[in-house]
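Visitor: I have a model open and a few things to ask about it. Can we go through them one at a time?
Guide: Go ahead.

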Amino acid sequence: MTDLTASHVQSTDVVPARSRFPIHIVVFLAPALAIYTLFSIYPLVDTIRLSLYTGDETGARSFVGLQNFSTLLTDPNWSGQFWNAFTNNLIFFAIHMVVQNGIGLGLAMLLSLPRLTGGSVYRTLIFLPTMLSVVIIGFIWQLMLNPLWGIAPSLLKAVGLGSLFGPWLGQESTALLTVSLISVWQFVGIPMMLIYAALLNIPDDLLDAATVDGAGPFSVFWFVRLPLILPTLGVVSILTFVANFNAFDLIYAIKGALAGPNFSTDILGTFFYRTFFGFQLQVGSPTMGAAVATAMLVIILIGVLIYLFGVQRRLQRHTF
Amino acid sequence: MKNLHSKAFRRRAGQLLATASVVAAALAFANAASAQTLTIESWRNDDADVWNTKIIPAFNKKHPNIKVQFKADPPTEYNAALNARLAGGTAGDLITCRPFDASLDLFKKGNLASVNDVKGIENFSDVAKSAWSTDDGKTTFCMPMASVIHGFVYNKEIFDELKLTPPKTVAEFHAVLDKIKTDGKYTPIAMGTADQWEAATMGFQNIGVNYWKGEEGRKALIEGKQKFTDKPYVDAFKELASWASYMGDGYKSQKYPDTQNLFTLGRAAIYPAGSWDVPIFRKQADFEFDAFAPPVVNAGDKCYISDHTDIAIGINAKSKNVEAAKTFLSWVASPEFAEIYANELPGFFPLSKAKVDVKDPVAAKFVGWRGTCESSIRNSYQILSRGTPNLENELWNVSAQVVNGSMKPEEAAKKAQDGLASWYEPHKK
């Protein structure tokens, strides 16, 4: 009894102290919050604010509401470029989803084979391009695909397929596909690693049980492994989506900001660059550029929301 | 002996130092404002060497108390980087000026100061100043430095081997190209369309002046008296389109450095050139090369050249060293600078009225055309690239497409015209 009262007295002593404002939480949150606010939230909000203004030739800005957006979407000179960039960006994304994530999944499956020798060597080699600079990637691939002194035409000629070669990076019909595949080559390591990690997490007894029940390798993959790595595939998809709709560097490195031929490789990132910074004789417009950037933000936001509410909520996470 | 010597030396050095410091201290008051460092913003990173070892030392001989620093960005990033630095207040004192609207825009935003009162500006003609003056011509905001001239550079050894003579007319030009093509050993024309500007600048603007008669056509276009769909422009696109069959394998993904290498490795006979290529070829080509002017349509026609005002230098209006910057600009306007610039960077031709001896024979040939042909500048640069769609971008796009064969010359002309007519009043009718 005395014990109880003692502890009771003690706790009443402590409670007022605890109910005070928990300063330590603020202290712990402050650095991250300050940096994030300063370098991420503030620029984002300011970009949106800027997109509601227009600048005249002296640089003075005036508020115009949503006029920049209506120009972007209704003026044929702007909307044509915008939708062209958007469509190209969708194709760019689709190629990544199918090829990059498909191959990534395949490679992860191969890597997780139990009797594979030298797995870590392959893993490192395949992941290596991801860590290289885009400028280097662009340069190397342009050199390899160069019709004058590239290795691609000579290799094809050596096996008698020389007629198959074309200036792929320079043709309207193939340029976007080629650039996308170069990007796939560079980044295939990321889905591979993520999926590989997910595959390793699946307990062997599940696979063994499936095998004992008479499932072949294909059924094991389709009915056991794939459902178990679906959450990871979801994460990979959304990462691909965000990265692709923010992409700019590779296209800029290979095709320049005018993203030729005939804007066939123009994606939202390069379109934004031209608008914001200008190009050759085109004088850049920070306000119109901010409108394009905001439009990109909205597109990415819609994509992420579709994923969050349409896909992620239906995914079941399994813990073992 | 040695000791004595060094003692004497030391004493003398000490005296010298003392005098120097007294003088320096005395001057420090007077000079506090003028012993400064000027920073030059430029896109000519290729020329950094020449600036640092030739131009700036020559300037310092006359003005030892003004330090000058040359800071260059890659050409494609210059405009963006400069604008960002100007906005942030960290741009250099001297700003290398792109021609026409990019610089006019800077002036209107108050980033460039007027140079009307800078000594030496009187050394330049109105045409030379036009690229860096307000539309009414009253205020000039950059000191003109140099222009570049278009033409064709050819491999003399290949021409000798195939017994060819430099063509004067378009018909002769095609005869030469056909001969090189039938011989089969060399690529007749070194040009690619991957970078797009090559087709527009080295192609369309290079040969075009002969079709639209230089300044006459350029001004008519600005006044709205001519359209891109008129015969001269369509003909220029047609001629450009005909080059495709003479160009190298896979020219569609051939970039500018590829083109340069194709020529300097001796694999191509003719190179549609900008004069700025001359110093590069001088370094890289181990064969003799020469140049011919853009061929005229009919023998005996008056010839025109694209003599494009390309580079100038202005003062950052927010610079703290305006006086020193003005001193530097006056020096840039002097014949001494013109002489150094023309010969250290053959291919960039001074715009000042001073007579300058260009020593490089090929560069001299380019500049010699000024005497025999009429000079003009690129037709998309003045006023016409102010709207959306941007005419210069459109010309890059359609010129490359015409050569690629994905657009007919008439379609290219129509696209350029439609784009222009969509925003430019004189063309709206």
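Visitor: Where does Ile383(B) sit?
Guide: Ile383(B) is in the loop between S10 and H16 of chain B. Bear in mind that this is a predicted model.

Visitor: What is its phi? I mean Ile383(B).
Guide: Phi of Ile383(B) is near 65°, which is a positive value in a residue other than glycine. Most residues other than glycine have a negative phi.

Visitor: Is Ile383(B) buried or partly exposed?
Guide: Ile383(B) is partly exposed, because 16 other C-beta atoms lie within 10 Å, and a residue needs 20 or more to be buried.

Visitor: Which loop holds Phe100(B), and what is its phi?
Guide: Phe100(B) lies in the loop between strand S3 (94-97) and H4 of chain B. Its phi is near 60°, again positive in a residue other than glycine.

Visitor: And Phe100(B), buried or exposed?
Guide: Phe100(B) is buried, since there are 24 other C-beta atoms within 10 Å.

Visitor: What about the peptide bond from Thr388(B) to Pro389(B)?
Guide: That bond, from Thr388(B) to Pro389(B), is cis, and its omega is near 0°. Pro389(B) belongs to the loop between strand S10 (374-376) and H16 of chain B, and Ile383(B) is also in the loop between S10 and H16.

Visitor: What joins Gly260(A) and Pro261(A)?
Guide: A cis peptide bond, with omega about -10°. Pro261(A) is in the loop between H12 and helix H13 (268-277) of chain A. As background, most peptide bonds are trans.

Visitor: Back to H16(B). At what angle does H16(B) pack with H17(B)?
Guide: H16(B) and helix H17 (residues 409-421) of chain B pack at about 170°, and their axes are 9 Å apart. That makes H16(B) roughly antiparallel to H17(B).

Visitor: Which residues meet there, between H16(B) and H17(B)?
Guide: From H16(B) the residues are Leu391(B), Glu394(B), Leu395(B), Val398(B), Gln401(B) and Val402(B). They meet Pro409(B), Ala412(B), Lys415(B), Ala416(B), Gly419(B) and Leu420(B) in H17(B). The residues of this contact of H16(B) with H17(B) divide into 8 nonpolar, 2 polar and 2 charged.

Visitor: How many residues does each chain bring to the contact of chain A with chain B?
Guide: Chain B brings 37 residues and chain A brings 28 residues.

Visitor: Which helices of chain B supply at least two residues each?
Guide: On the side of chain B that touches chain A, these are helix H3 (75-88), helix H4 (101-108), helix H11 (256-264) and helix H16 (391-404). H16(B) gives the largest share of that side, 7 residues. The residues of the side of chain B that touches chain A divide into 8 nonpolar, 20 polar and 9 charged.

Visitor: Now chain A. How do H3(A) and H4(A) pack?
Guide: Helix H3 (residues 67-74) and helix H4 (residues 76-111) of chain A pack at an angle of about 75°, with axes 5 Å apart. H3(A) and H4(A) are therefore roughly perpendicular to each other.

Visitor: Who touches whom in H3(A) and H4(A)?
Guide: Thr71(A), Leu72(A), Leu73(A) and Thr74(A) in H3(A) meet Trp78(A), Ser79(A) and Phe82(A) in H4(A). By class, the residues of the contact of H3(A) with H4(A) are 4 nonpolar, 3 polar and no charged.

Visitor: Leu72(A): buried or exposed?
Guide: Leu72(A) counts as buried, because it has 21 C-beta neighbours inside 10 Å. Leaving out residues up to four places away in sequence, Leu72(A) touches Trp78(A), Ser79(A), Phe82(A), Ala291(A), Val292(A) and Ala295(A).

Visitor: Where is the kink in H4(A)?
Guide: The kink in H4(A) is centred on His96(A) and is about 30°. H4(A) has 36 residues and reaches 50 Å from its first C-alpha to its last, close to the 52 Å expected at 1.5 Å a residue.

Visitor: Last one. Where is Phe248(A), and what is it in contact with?
Guide: Phe248(A) is in the loop between helix H11 (217-245) and helix H12 (249-255) of chain A. Setting aside neighbours within four places in sequence, Phe248(A) is in contact with Gly269(A), Thr270(A) and Tyr273(A). Phe248(A) is partly exposed, with 17 other C-beta atoms within 10 Å.

How values were computed
Residues numbered from 1 in each chain as written. Chains lettered and ligands numbered in written order. Predicted model: local features only at pLDDT ≥ 70, side-chain atom pairs only at ≥ 80, totals over all residues. Axes fitted to C-alpha atoms, helices over the stretch in contact; angles between N-to-C directions. Helix = DSSP H or I, 4+ residues; strand = E, 2+ residues; numbered from the N terminus. Parallel < 35°, antiparallel > 145°, perpendicular 65-115°, else oblique. Contact = placed C-beta atoms within 7 Å. Nonpolar A, V, L, I, M, F, W, Y, C, P; charged D, E, K, R; others polar. Expected span 1.5 Å × (residues − 1). Bend = angle between axes of the 7 residues up to and from the residue. Buried ≥ 20, exposed ≤ 12 C-beta atoms within 10 Å, placed from the backbone.
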